Every structure is written in C-alpha cells, then in structure tokens.
Amino acid sequence: MRKFSILFILPTILLAQEKAVTPAVKQAGKYDTNKFSQMYDLLATPNMFRTASGAPGPAYYQQQADYKIDIELDDKNTRLSGSETITYYNNSPDNLEYLWVQLDQNQGAKNSQTPLVKNDKIESVLTLAKFTDEYLKQDLERGFNIEYVKDAKGNPMSYTINQTMMRINLVTPMKPGEKLTFSTKWWYNINNYQKETSNGRSGYEFFEKDGNRLYVIAQFYPRMAVYNDVEGWQNMQFWGGGEFALPFGNFDVNITVPADHVIDATGELMNRSEVFTAEQLKRYELAQKSFDKPVVIVTQAEAEAAEKGFSDKKKTWKFSAKNVRDFGIATSRKFIYDAMAVQMGSRVVMAESVYPKEANPLWGETSTKTVAHTLKSYSSHTFDYPYPKAVSVSAEDQGMEYPMICWNYGRPDENGVTSEQTKNGMMGVIIHEVGHNFFPMIVNSDERQWTWMDEGLNSFMEYMAEQELGTNYPSRRGPAKNIVPYMSGDQKFLEPIMSNSESIIQFGNNAYGKPATGLNILRETIIGRELFDYAFKMYANRWKFKHPTPEDFFRTMEDASAVDLDWFFRGWFYSTDFVDIGINSVKQYFVTETPTVALKETKVRKGRFGFEKGPFIYLVDGDNSELNSSSKKPMELEEVKLLSDYVDQNVAPEEKVNLKNPKFFYEVEFNKPGGMPMPIIVQITYEDGTVDNYKYPAQIWRQNNETTKKVYAVSKAIKQIQIDPKLETADIDVTNNSWPKVEAKSKFD
C-alpha cells in the first residue's frame, strides 16, 4: 500500500463538517460588474453592413463624391474664390430626400457659434498686439460667401445654410444607384492663421521682412458630408475640435496663382512642363531615380529671386487625385522644393518637401528623408502606401494633414542653428502628419465623432516609426510611463477615450497619448508583437478606403488574435480606471514534520466525500510563534524523512533526475488599488544576484478584483520582489511595487 504525504499551508481554510451559518440579513442581489464581462452592453449589434468579426459585411456600402474645382488666389487681397462641380453617387439602399454639404470655413464667420460656447477669462498680462487684437479690432469675416448652387442644367437649386452645414433640397429624392451633379460658386477671405486661430488649420503665414505670404489652404471648398449605415448623414456641426468625416472621390483641381508661386498639392501635377523651367524638369527626373537622398528641384537661389518679384502675371497648376477624401494646397513664391524616390513594392512613390529659406538648413537635410522613412515604416505595419507622393510643407505653428500633403512646424533660429529639441519636434510632427495618410486618409474613420480612431492609432504608429529611426529618439507618446501623470490626475478632468471629440478636456492626453499607450501595452505586454501585428495589419487592410467604427477595430483585434480583449477595451477605452498593482504582503514558509495546534485540527478532503488520513508534511508561516528556530532553515529533502521516504518509494528513478530542488517557500499577495486590470509582471532578485521574471495574464483578476496570491518554491533565498520593473503597464503608483519597500526619492533628492 502506498503512503500519502500532504503539504499544508498556514493560514488555510479549515474544512470542518459544520452547517453554514445563515446571515441575519439577506444581502440584495447584484448586476454583473465583473471587469471581464463581454462587451455586449457597449458594442453595436453586428449586421449585414458590419460583421461580428470586425470586417465589412456583404451589404456594406459607401457613397462617392467626385469634384471638378477651379480656384484662384488673390495674393494682394488674401482672398480665394472658386467654383466646383460635384457628382454624387448614391450607393446606399436608401432614398435621399436631401444632401448635406460641409461649409467648415463658416466656423470663422462673424455669426459663428464657436466663440459663444467657449469659456472666457481675463488675462492680466498681455502684449500690446494681443490686447489690440483681442479687445480693439473688429472680428473679420472669414466664412464662405456662396454665390449660387445650380443643377446640371444650370438651374438654381434650393439650399439652406445652417452654420457649417448646407442642405441641398432635392425636388425628387435620389434613388439607390443614382448619381446627381450640381455646381457651386463661392469666395472667402483667407485668415492669418498665426493671429486668427478660429481656423488654425488653414490660412497664411506672413513674413514681415520681405512682405511675402506662405499659404496652406484647406477646407477651402464646399465638401460633401458622409452618409453611411451608422449615422445616416454625419452632419454634426464643426465646432473646431472634432475634425472631419468625408467620402472618397476623384478630384480634378485647377489652381490659379501669381506666376512666381510654386505649388504642391494633393494629387499628381498634370501640367508640370507648363509651370516648371526646363532645368527644373531635369532635376525632377533625377529625383525620380534618387533613392538615397533628395534632389533639389527649385533651389534656394531661385526661391530668393522669386520672393522679390511679386509678379502680376498668373499661372494655373492642374492637379488630379484619385480615390481621396479631401484636398490640400500649399503655395508661395518663397518655396524651395526637393524630392526623392521611395520604393514601394513594385511602385515608386515620391517623397517631397516645400519650404522657405528660413527653414534651411534643417529642412533640406531632414524633411524629405523623414517623409521617406515614415512611408516605409507605416507601410510595413499596414499596407503599401497607395498614393503617388507624400509632401511635407514647412509652415510655422502648424501640424495638419490632408491626402498626400501636410503642414509641419520646426525651423532653425535666425542664425540657422537648430536645437535638438527643435529637430526632434520637427521630425516627430512630420512623421505624425505624413502618417495621417494611413489614418484617417485611407483607413477613413469619423474624426468628427471619434478623434482617437485617427489620432490615437496614428500616434501609436508614430511611436513605432520614431523608434525604428535607430537614434534613440525621445518619443513623447507611446511609452507607458509617459501617460502616468495624466491617468493619475484628478478624475473630474478625465473622460473615457470613447468620448465625443468636442467633450474632451485634455485633448492631447485623451485622444493621442492614452490610446497610443494602450496599443503599445497590447503589443508589448498583453498580446505580443506577432499576434498584435497580424491583427493590426488585418484591421488596416479590411478597412482601407472604407469607413470603420470603433466596434470594427475592437472586434478585428480580437478576431484576428484569438485574445479576449473585452476587459482591456472596457477599462482602457470606456472608463477612466487607472492601473495600480502592488505587493500587499510576502510570507515565508518552512517545511516541518511537526504540525502547529491549528494544523493538527485541519482536515484535508479526499475526493468529494472523504478525508485524507496522513501522514502529513507541514508548511508553516515563519511568523508563527509555534515554529521553533531550528525549523527556520532551507529545506533539504534528505533531512525531511517522511518526504524523502515517500520520494524513494513512489517516484520512479527516471523521474528523480528531473525533480526540482526547492529550499525556500514564499507566498506573495498582490493587491490592485487601481480599477484597471493588467497583467502582473514580477521580477524576483535572489541573494546571489540572479533574477527570475514572471508574467501573469490579466485574467488572474477575474474572480477576485482586489487581491490574488502566488506561491514561489525556489532554490535560493529571495532578496527583492519588484512589480513592473520596466514600467510597461502605466502603473500610477510605484511606491507599492517593491518588497522590501523602497522609499521613493524626494524631489530634493
């Protein structure tokens, strides 16, 4: 007959055959508040348009809007006028009684509602210029002046303008599958975006020394709103925070400017030979074959000569863009222009930059190379960049994106000297804004509703691209430790990531930093790079040139990785829970053959109905007063006769070779003062200086959201236990992360 030995741990649950004591007062029932509950209560129901896997459904559709636009820039009067013909395709299954057109420029109109909803406060110290602008000058009219809306035959159409939205009233509803063509004509006064911040994404920068302007022009034309299966018409007013929701389409745009201007814009330049000199055309041909460095096409000398001329003549530049959601323009007589080629699969894409002399030497050395790096990095994590070019424009105090073109800040000082901070900031904003070509210009989420879906995902991609530079780039957003000051802040100033764009108080932290950090934690700590990268790339490819929702992202990440992430999305995106995991206690136990008084009375179950009879081995808490000092020593198997005999009689010789040799026994209780579940990452340092690392999945908190215990039976004495030693979970309080407790250094220290 075999002998049985049982190890006891104190404290333990005593299993006595006693009747349960009925509470005096019956507690009320409760709802499911488990942090690991599935998100059926939060996510939209899957349907034929959007499936439960996160992919577009068999009935998915999206509308299309094609534009033929002619605009002219009046540089002397800073005015832009234009006309356009829009062809709108109803690919939905619905009859459309009216169309909604966006007039975002009206956010800067005199009757704009935006200033009325802002909180004002007195600034006690102002410059003379700011006081004059703030209190003495009249507000300027910056809104659209719509001259007409006509149908394809030239007949006037009925329309109604409501702030930043214009409704086209149709006589006959558009049926599914029909297309409708109409035209508009408009003009507006262009703002100095550095002084008039009502439309800070677009306008001109004024150079006092030479009297020139550098224009970055966007939201310059009436744009179709999105109609889809989620919102119907996305006609939420443009208040200035939540950006844009736009359908895809094809653009043919003719831009008339002073003849000495150089333009870059969304799309391919169709009349290059008409607007560049023969020498400049040769330089461009060289750029198309230069894969290692940019070729200067319009030189600084040529730009300096042009900026003195102020030509009265005009020149028209013609651009064509296919399958884009918007259009942006940069124009100035001050522009230097360089470009280089980027191999993208079997295609060659052009990375380009335009910038004034004030941006050199920084921009000539850095901008276009950074564009090329961004295209390569982002493409490796999503899909090959599909457009023919990507342009970086030097525009001070800017950081804004449009298909194939973006404006970016960062210039040297007046002596041409660039600090590391300025250079890193400029490179970071170029990566970020060029990266927006992927999110949301191609993976076309609704910025008006969910800022994080483009800014957060793009900030995460930016972080990876920055780290792939190989220069130890000091990324601001992405590392978990960098979001701790925000997540540990006053809860009344925090909102869930899943908040509408106009409701966010701390825009940068909420819509950029926290989602980027969350994705980085998923990739590095929770899912792992291989599974994460596959799922993220799947999302990008499923939804490129389509309109995804948050549900589509959440579901795809789970569906393509086989990792349950409901607990993470629920906590990180839908709440303001923070991460705080600590070490509550560490107890050392010692092996003995002599039980304590309490252990003598303990019964150990055998199967469902019986109890074990022994003999037993006991693990006793080192703080127990009944444990004599001679028993407080490392376990040696040979010295514990009962256990040694059991092993000799019950363990086969071939198994004995692989037996572990534990000498020290510890029980560690972890607690979770923070509401957000997270894996427990443990680093154990032994007395001899060696280290073991453990990572316990977040599911360890499923059945007890407050505490959990782990036992360590090890061959060496433990010197230190530390949680999250690399700061990868955004734990807001590291003072409870170590045993023995490590006193945090004061600010003085």
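This report walks through a predicted protein model, from its overall build down to single residues.

**The big picture**

Local features are described where pLDDT is at least 70, and side-chain atom pairs count only at pLDDT 80 or more, while totals for chains, interfaces and linings use all residues. Residues are numbered from 1 along each chain as its sequence is written, and side-chain values use heavy atoms, with hydrogens and water left out.

Let's start with confidence, given as pLDDT (the predictor's confidence in each residue, from 0 to 100). The mean pLDDT of the protein is 93, and 96% of the residues reach 70 or more. Residues 1-19 are another story, with pLDDT below 50. That stretch still has 43 contacts in the model beyond near neighbours in sequence, a contact being heavy atoms within 4.5 Å.

The protein has 15 helices and 34 strands. These are DSSP runs (helices are H or I, at least four residues; strands are E, at least two), numbered from the N terminus. The C-alpha trace spans about 105 × 60 × 60 Å along its principal axes. Of the 749 residues, 52% count as buried. Buried means under 20% relative accessible area, exposed means over 50%, and partly exposed falls in between (1.4 Å probe, protein chains only). Among contacts between residues at least 6 apart in sequence, 76% join residues at least 24 apart.

**Strands side by side**

Which way do β9 and its partner β10 run? Strand β9 (residues 203-207) and strand β10 (residues 212-217) are antiparallel, joined by five bridges. For reference, two strands pair if DSSP finds at least two bridges between them. Phe 206 has Arg 213 as its bridge partner in β10. The two strands form a hairpin with four residues between them, and Gly 211 in the turn has a positive phi of about 75 degrees. Strand β9 is mostly covered, with four of its five residues buried.

Further along, an open antiparallel sheet is built from four strands in the order β31-β30-β33-β34. Strands β31 (691-696) and β34 (738-739) stand at the edges with a single partner strand each, so one side of each has no neighbour in the sheet. Inside the sheet order, β30 (residues 680-686) pairs with β33 (residues 718-723) over five bridges, in the antiparallel sense. Val 682 has Ile 723 as its bridge partner in β33.

**A threonine in β3**

Thr 87 belongs to strand β3 (residues 79-89). Is this residue buried or exposed? Thr 87 counts as buried because its relative accessibility is 15%. Leaving out residues up to four places away in sequence, Thr 87 touches Gln 64, Ala 65, Asp 66, Lys 179, Leu 180 and Thr 181. With Thr 181 there is also a side-chain polar contact of 3.2 Å. A polar contact is a pair of N or O atoms within 3.5 Å; within protein, one must be able to donate a hydrogen and the other to accept it, and residues adjacent in sequence count only if both atoms are side-chain atoms.

**Rings and charges**

A search of the whole structure turns up 49 aromatic pairs. Rings of Phe, Tyr and Trp (its six-membered ring) pair if their centres lie within 6.5 Å; planes under 30 degrees apart count as stacked, over 60 as edge-to-face and the rest as tilted. Here are two of them:

| Pair | Centres apart | Planes | Type |
|---|---|---|---|
| Tyr 385 and Phe 438 | 5.7 Å | 45 degrees | tilted |
| Trp 452 and Phe 553 | 6.2 Å | 65 degrees | edge-to-face |

Trp 452 in helix α7 and Phe 553 in helix α11 (residues 550-559) are 101 residues apart, so to speak distant parts of the chain linked by the pair. Both Trp 452 and Phe 553 are buried. Tyr 385 is buried too, at 0% relative accessible area, and Phe 438 is buried at 0% relative accessibility.

Charged ends also meet rings: that of Arg 79 sits over the ring of Trp 187, 4.0 Å from its centre. Such a charge counts if NZ of Lys or CZ of Arg is within 6 Å of the ring centre and within 35 degrees of the ring normal.

A cis peptide bond joins Gly 614 and Pro 615, with omega about 0 degrees. Another joins Trp 739 and Pro 740, with omega about -5 degrees.
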